[in-house]
Amino acid sequence: GYGESKHVASSILAASSVLATIIRAGQLAGPAATKGLWNKQEWLPSLVATSKAMAKIPRTIGNQDVVDWFPVDATARVLLDPMHARLRTRAAQPLDTYHLVNPRVVAWRDLVPSSPTTAGRGSRLWSSGSGSTS
């Protein structure tokens, strides 16, 4: 799958003599500083649209319950540091890997509106496993 292909690509780069930098980022979100849109085809905008249509908001989103999304404009600024560092270290270390991590994580339950009226008329929190709403 997707994760395996990233591992294979990293292994190929590590075995070669190509100068490379791998930057691993989690979920990139829309910009924080300017108006912009998150790609409507990605999972979160689809979830929001579906939740609005169904008037149900998931209580949990599985392995994404810890929200550590990184705004795309902040990502661009943060990537400047490793780029400049690599200019100095690339001769000694042909491959380097960086992991972009948001230091300010939030739980999904803290992002979900606390009141059904906040999410839209008649919206209810929904647990897919139990089918229950509240």
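Modeller: Let's start with a term: a salt bridge is a side-chain nitrogen of Lys or Arg within 4 Å of a carboxyl oxygen of Asp or Glu. Keep in mind that this is a predicted model, where local features need pLDDT of at least 70, side-chain atom pairs count only at pLDDT 80 or more, and totals for chains, interfaces and linings use all residues. Residues are numbered from 1 along each chain as its sequence is written, and side-chain values use heavy atoms, with hydrogens and water left out.

Now to D73, which sits in helix α3, residues 72–89 (a helix is a DSSP run of H or I, at least four residues, numbered from the N terminus). D73 is buried but has no salt bridge; buried means under 20% relative accessible area, using a 1.4 Å probe and protein chains only. The nearest side chain of opposite charge is R77, 4.4 Å away (Lys and Arg count as positive, Asp and Glu as negative; His and the chain ends are left out).

So what does the side chain of D73 reach? The backbone nitrogen of A33, at 2.8 Å. Skipping residues up to four places away in sequence, D73 touches P31, A32, A33 and T34, where contact means heavy atoms within 4.5 Å.

T75 belongs to helix α3 too. T75 counts as buried because its relative accessibility is 6%.

Technical notes
Helices (H or I, at least four residues) and strands (E, at least two) are DSSP runs, numbered from the N terminus. Buried means under 20% relative accessible area, exposed over 50%, partly exposed in between (1.4 Å probe, protein chains only). A polar contact is a pair of N or O atoms within 3.5 Å; within protein, one must be able to donate a hydrogen and the other to accept it, and residues adjacent in sequence count only if both atoms are side-chain atoms.
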